[in-house]
Amino acid sequence: MSDQTVCVIIDGQEVRCPAGCTVYEAATTAGIHIPTFCHHPKLVPVGACRQCLVEVEGMRGLQTACTTPVRDNMVVKVHTSPAAVKARKANIEFLLTNHPLDCPVCDKGGECPLQNQAMQDGPGQSRYVEEKRHKNKRYPLSELIVLDQERCVLCWRCIRFLDEWADDHELDLFGRGADTRIDTFPGRPLRSKWQGNTIDICPVGALTSRIFRFEARVWELTNTASVCPLCGVGCNIVLGVKNQKVRRITPRENMEVNDTWICDKGRFAHGFVDHPDRLKTPLIRRNGKLEPATWEEALDLIAARLNAILQEDGPQAMAALGSNQVTNEANYLLQRFMRVVLGTNNVDHIGRIPTGATPLTSLPGLEHRDVIVLLGCDPSTEAPLVELWIKKAVLRHGARVLVANPHQIELCRYGGPWLGYRPGGEVALLNGLVRAVLDVGAKDQAARAANIEESRSWLKAYTPERVEPLCGTPAAALRQAAEVLVQARRPLFLVGPAWTKGSGEQRAFDALANLTLLLNDAETGFVAGDANAWGALQMGVAPHWYPGQQPCQDPEIRNRLSSFWGTKLSPVPGLDWDGMLPACAQGKLKGMWIIGSDPAHRSQTAGEALKRIPFLVVQDLFMTETATLAQVVLPTASFAETEGTLTNLTGRLQMIRPAKRPPGQARPDWWIITELARRMVESKRQKSWDFASAASVFQEIAKVIPGYRGLSYTTLGEAGWQPAPAQVKARRHLVRVEADPPSADPNYPLELVTGRLLYDRGTLLRRASRIQNLVPSPYVIIHPDTANQFGIAHGDPVWLISSQGQLPFTVLVSDEIVAGTVFVPWNVSDPPVGMLVSEPEGLTRVRLAKQE
Amino acid sequence: MTGMQTKVLLRNIGVPNSHEIETYLSRGGYQALQKALREHQPAEVVRIVADSGLRGRGGAGFPTGRKWMFLPKGVYPRYLICNADEGEPGTFKDRVLMEHDPHGVIEGIAIASYACEVHQAFIYLRGEYELSYHRLRDAIVQASERGFLGKNILGTGYDLDVHIVRGAGSYVCGEETALLSSLEGKRGHPKLKPPFPATEGLYRKPTIVNNVETLFNVPFIVEHGAEWYRQWGTERSPGLKLFCVSGHVERPGTYELPMGTPMRTLIDDLCGGPRDGIPLKAIIPGGSSTPMMPAEVALQTNLDYESIFEAGSLLGAGAVIVINEKTCIVRTTHRLAGFYRHESCGKCIPCREGTDWMYKILHRIEHGQGRTEDLDLLLDICDNIAEKSFCPLGDAAVGPVRSSLTHFREEYEFHVSEKRCLVDG
């Protein structure tokens, strides 16, 4: 579309619109409604349904408004053309001839374009006396969607969405003419993680959700704008609630985040919110058993015990874990409580974003990257909307997707190359790429590094052939990747949490910076998998950082915050999570507060350590493994029941809003922390804990964090607020980072790689009924070489054994994994694969044994 | 056949082994190709064809030379498609050419491809045409062996490969954009125009789609010149045309006549007049999709695009269906409506739903369950399909229904009121 505008006359009204836009778009800008079925603003127009026929002066017959481009001075008649009005009326009559008209039991009723258009343009009376056609009704296309072929008007928006956006060609038209129907291919149910979007764009009730089906008439729902808490993207959603129960989740357009789409996890997994397992009252351990208690009892008890520990063991005997899944307000108050009320910096959260990581600068900007490099990052399972934006870049602009991952991920489908590597080999792989880029790109690339000459000597050791044995990546793949990178105009490196585990944060990022400085306009962004990973970091739930990532070691900042919070902040460095574990084990930690986190589930080491804490308080939605170890368990409100903000993977602050009451006595995190603080501070200082709402907490956050000045819930609004991207100082020098591949252990010769599946048996998804039917049985993927080495065949039951223990799995033999590693999905087995992992998390080595 | 018909296009039909290259060569075959390649630049061939006034013989009658001139300059590759999906009920002229004079088809394709600077040509062949397939396939092999196809044709440096793609039985795939979808391996759905195939066709490249008979004319025009071709026909419909006559005449078959010949010549002189002397009731002049005409009107017209249009129908593909007084018009229309209901691709609502509805109504009328209001309802449905559908199939489906109701309404009324057929007695 060009910048020029043209003038068209629609129903006598002059409309200015961009040249090249369609008559439909021009009419829409002028507020003139043209009915459509097949047309959808996010899909390529096909002109199939003929509902948008209009008269254009000088053109023979009627034209489809959705496909006809405007011309200057074009005269269009929509509602003033008797022929067009008759055609549209006739079209509705045609559609209704065979439509079942079962609106009273149709989920779409009340928000159905066919219903609305039948009312607006329809004949109001039927001339059809023939028997209606019969096709499949109540016809499941998958675990999540059911199709009614009789209701379908064959607009094929669903097919086109899956083709044009999801690139999942799973639906098509079958049969011809009046016998045409939408269907899946025989024996292949819908598997796309985007299928739920077809329900939204279906202009009739043909595609309906098996989870929302018959739950409510849509006009009975109370709709609340919110944000999805299930990954770092923070898709904008609407919660539809009836009788204090979340009945459905639908997307809300935000062009900076999720366009108009959401993934099926976000849409269908809300069952946990209203699950009977939710904690409904505080629990206090009495005689070894957790028993219901009132808030008064629970909070008084916690206050008394924490005061006692303060007296006896001092502030450093206490620690807290915040969470990258709870709100900024909760995280902020938790660190404020620990630092101000207890006087310790022992506060951290699990899955903290590695030092050196920067947020992705823009989600829609992904579309315009010509090369996207995924480093230990699987957007399809960890942050699905990122996958959708990447697919847009691939499908519409031919972007390349390079994948560095120990096993093949879904996005390898675009030809990669796939750079398989063994964990711990990240630096070797990057050095190999640096070397190959210098070899392939010659002068252009080398000129970008100021110290290229002295760097050549240490890079000598990283020819692709020498790198291959270090990390397992084939030399040919490295060269191929280098060719792509050298050609790239605007490459983007997406780094996932797995990338920094094997080699350490500093080394992994330094090695990456070496590569990016050689390329054109390269950018790096961290893909945080959790809903509030950036938020937890920003709120200062970290031992070395105050809110706004202001270093605790800076006395000036410490003094400023001391006076702001009205206390003298401790200069003693706090323990991070890795430090808390040995402190627990050594009996140094006497009290601990864990919010929205289940470390005992993640590793056996953690579970053992937490058992040694005399006073453990756990605040969560469910009785997690960690909660079973606690002295006091506090029931908290879910994302659907509280107000607050989450910070997504682009650093965007977005609001969640209460759509219903929490179950039983469950309370929002901010309320719980505030109430406890008020019990512990002297009465004259209680004013500083005078938070009456999440909004008042946010007001304080906006004062404490320099970049947030002036923000409030009002300014965040419906669409949220995103900070300007930080100016990353471009490096000019290559930094020497040597590969340090992990040493071999003959007893445990394999490296364990874990990864998320979209659907798993985690705390929340375990309580989402239909989703559970999509979770596979526990499996381990091994390379054919490994299968030979251990004498194991595809489908064999095996033990996976680490120094921590052993777990049973079924073996899948595949060459889609690098030799020497095994892949186990996270949160699928019971007991969890965390049982094999030792903390601090780094590399876990395993071996295999056939089950007898 | 009688000696009254012109025998230019059909000159090889009836000659023993007319499908073999030796026969074809012995009768002057491939001379036009040599002439085109050796004596003309591609643009000159386009000019000659344009000057001849040749119009597309598939039914729409679009000037062939003008279509070729629509090819955007400098965009390659370009493709040529020979539309051999002859699916219109009543037509069988292309089949005669492909079965009995396949080299004439190949030569036409080769010259047209040269003119359009095409190096890959496709024959999209009606799936049921088994013999045509074998004859064309053999002809391609023979022509390649003799250097009329393939690399460096006749030493001129021009390359051309011709591929045959067999259709899967869908009528709408004879519509050029649906044909393109089918050829690309997709569902046989028509595509939006514009872009027209000449600009953006097969695999989104400039593509010329011409009917078999159209291409078959090309060698004659190139060999003898535009003026020679214009000796036949009228100013706006020049040249020779094949007519397929079916139905109630003594000698149904394929006939070659100059455009503008009186219908009566075709029916009475060439076809031997009405079968068994039973008077005629109606004639469908251009294939099942063209409006039915009362026989007495049709017999007054001449066989060219303009004359038949003025008389209320269309020349179409030149498929003349002759219907006598013993035939029930309601039943005939019912059958035709059934065909279009079956062949509607389902893409657009008016055609998909309208053809189904019309068929159901006609079915009731035919089976004695008609209502008086059904007749106006049918006409209104026709009005709601015509020019509203995505491709011309909707208009085609309307043709027989609307015209039969216009000209033979009393037969419908009899069916409705008497619950039986007027002609069965």
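How many residues of chain B are in contact with chain A? Select both chains of this predicted model: 35 residues of chain B touch 37 residues of chain A.

**The interface**

Keep both chains in view. About 2900 Å² is buried between chain B and chain A, and 52% of that area lies on carbon and sulfur atoms. Next, select B:R187, B:I349 and B:W357, the residues of chain B that lose the most area to chain A. Together these three account for 22% of what the chain B side buries.

**Polar links**

Now show the side chains of A:K86 and B:D380, which form a salt bridge with an N to O distance of 2.9 Å. Across the interface, the rule finds 8 salt bridges. There are also 21 residue pairs in polar contact, with both residues at pLDDT 80 or more.

**Helices on the chain B side**

Select α14 (329-343), α15 (349-366) and α16 (372-385) of chain B; each supplies at least two residues of the side that touches chain A. The largest share, 10 residues, comes from α15(B). By type, the residues of this side of chain B comprise 12 nonpolar, 9 polar and 14 charged.

**A helix in chain A**

Move to α14 of chain A, residues 464-471, and select A:P464, A:V467 and A:C471, which are buried. These residues lie on the same side of α14(A), because they cover an arc of only 55 degrees around the axis. Finish at A:G472, which follows α14(A) and has a positive phi, near 90 degrees.

Notes:
Residues are numbered from 1 along each chain as its sequence is written. Chains are lettered from A and ligands numbered from 1 in the order in which they are written. This is a predicted model: local features need pLDDT of at least 70, side-chain atom pairs count only at pLDDT 80 or more; totals for chains, interfaces and linings use all residues. Side-chain values use heavy atoms; hydrogens and water are left out. Contact means heavy atoms within 4.5 Å. Buried area is the accessible area (1.4 Å probe) that two parts lose on being put together, summed over both. A salt bridge is a side-chain nitrogen of Lys or Arg within 4 Å of a carboxyl oxygen of Asp or Glu. A polar contact is a pair of N or O atoms within 3.5 Å; within protein, one must be able to donate a hydrogen and the other to accept it, and residues adjacent in sequence count only if both atoms are side-chain atoms. Helices (H or I, at least four residues) and strands (E, at least two) are DSSP runs, numbered from the N terminus. Ala, Val, Leu, Ile, Met, Phe, Trp, Tyr, Cys and Pro count as nonpolar, Asp, Glu, Lys and Arg as charged, and the others, Gly among them, as polar. Buried means under 20% relative accessible area, exposed over 50%, partly exposed in between (1.4 Å probe, protein chains only). The arc is that of the directions from the helix axis to the C-beta atoms.
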